Amino acid sequence: MGKVIITASGKGGVGKSVFTVNLGAVLAERGVKVALIDMNLGLRSLDIYLGLENRVIFDVADVLSGLCAYRRAVIRDKRFPCLHLIPATQDRGKSASAFCGEAVADFYARIGECYDYVIVDGPAGVGPDMTRAAAGGSVAVIVTTLENVSLRDADMADRVLSEAGVARRVCVLNKVNRDLLRSGIFPGFEDVSTRVRAPLIGIIQYDENINIAANCGFPIVIQRGSYIEENFNSIADRLISL
Ligand SMILES: Nc1ncnc2c1ncn2[C@@H]1O[C@H](COP(=O)(O)OP(=O)(O)OP(=O)(O)O)[C@@H](O)[C@H]1O
Ligand SMILES: [Mg+2]
């Protein structure tokens, strides 16, 4: 059974989806089988971040409603033979369907029979959509920036995920700007451990190349030897060892 990793945040826009595609890509480059599942129902993004938006036919809602087997919704990425995507629905009507957490957990378990890692891109917030997306997850990566609001929301997400039964929760700091960090306006790394209970397992800088790559439909880690690829590989190592 593959490991089910949930990305969450509390605050929106912190970089969960970009994190998900890059984590998936570094793992897939190692030859392990990775399924990315976009659970941001109604607001999908992994398809665009991977440049696969023109290949979407079936989606998560079609699978959960029993319209098709999950294999029919899988999109293969030619650049990463081991990386597969199941996109979220973009249809508000379909996403409003009452899929319960149990059905979602069962869906992940079925996929986990064929993949080493199932990485779920969850929605922002700490409401029912997030807890449903987290159902059956064994590890959650809570992505946060160093902003006070984002840190507080990350800690709230940690608490809600714990209550939802996600046993291991870790935190990744994203969009870190070293100049702002030095200015002292933003909390320092040492503050993160006091403000977010989940242990910090990685730091990713703010880098406009990440933003550009996402908008052009490729994971930035495709560019070998960059410090960003190194950061993602270290995070992947820590997640594997959990
Ligand atoms: N480290 C980074 N450096 C620069 N830009 C980044 C970085 N990480 C993410 N971004 C940019 O931030 C924006 C939001 O990223 P993303 O969509 O991954 O956030 P999200 O948390 O998934 O948002 P939502 O809560 O809406 O799902 C995107 O424009 C993305 O390219
Ligand atoms: Mg997102």
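**Figure 1. Strands S3 and S4 form an antiparallel pair in this predicted model.** Strand S3 pairs with strand S4 (residues 80-86) in the antiparallel sense, and three bridges link the two. Within this pair, Arg-76 stands opposite His-84 of S4. Strand S3 covers residues 75-77 and is an edge strand of its sheet, pairing on one side only.

**Figure 2. Eight strands make up an open sheet with mixed pairing.** The order of the strands across the sheet is S3-S4-S2-S5-S1-S6-S7-S8. The edges are formed by S3 (75-77) and by strand S8 (200-205), each of which pairs on one side only. On average, and with direction ignored, neighbouring strands of the sheet are turned by 25° against each other.

**Figure 3. Strand S1 pairs in parallel with S5 and with S6.** Strand S1 comprises residues 3-8 and is mostly covered, with five of its six residues buried. Five bridges connect S1 to strand S5 (residues 117-121) in the parallel sense. Four bridges join S1 to strand S6 (residues 139-144), again with the strands running parallel. Ile-5 takes part in both pairings: this residue stands opposite Ile-119 in S5, and the bridge partner of Ile-5 in S6 is Val-139.

**Figure 4. The largest nonpolar core contains 77 residues.** The members that touch the most other members are Val-34, Val-60, Val-118, Ala-134 and Ile-142. Helix H1 gives the most to this core, with eight residues. Leaving aside neighbours within four places in sequence, Val-118 is in contact with Gly-2, Val-4, Ala-35, Ile-37, Tyr-108, Ile-111 and Gly-112.

**Figure 5. A shell of 20 residues lies around ligand 1.** Gly-12, Gly-15, Ser-17, Val-18 and Ala-124 come nearest to the ligand. Two or more shell residues are given by each of helix H1 (16-29), strand S7 (168-176) and helix H11 (208-216). The most comes from H11, which gives four residues to the shell. By residue class, the shell around ligand 1 divides into seven nonpolar, nine polar and four charged residues.

Note on methods: Residues numbered from 1 in each chain as written. Chains lettered and ligands numbered in written order. Predicted model: local features only at pLDDT ≥ 70, side-chain atom pairs only at ≥ 80, totals over all residues. Near = placed C-beta within 6 Å. Nonpolar A, V, L, I, M, F, W, Y, C, P; charged D, E, K, R; others polar. Buried ≥ 20, exposed ≤ 12 C-beta atoms within 10 Å, placed from the backbone. Pairing = 2+ DSSP bridges. Core = buried A, V, L, I, M, F, W, Y, C linked by C-beta atoms within 7 Å. Contact = placed C-beta atoms within 7 Å. Axes fitted to C-alpha atoms, helices over the stretch in contact; angles between N-to-C directions.
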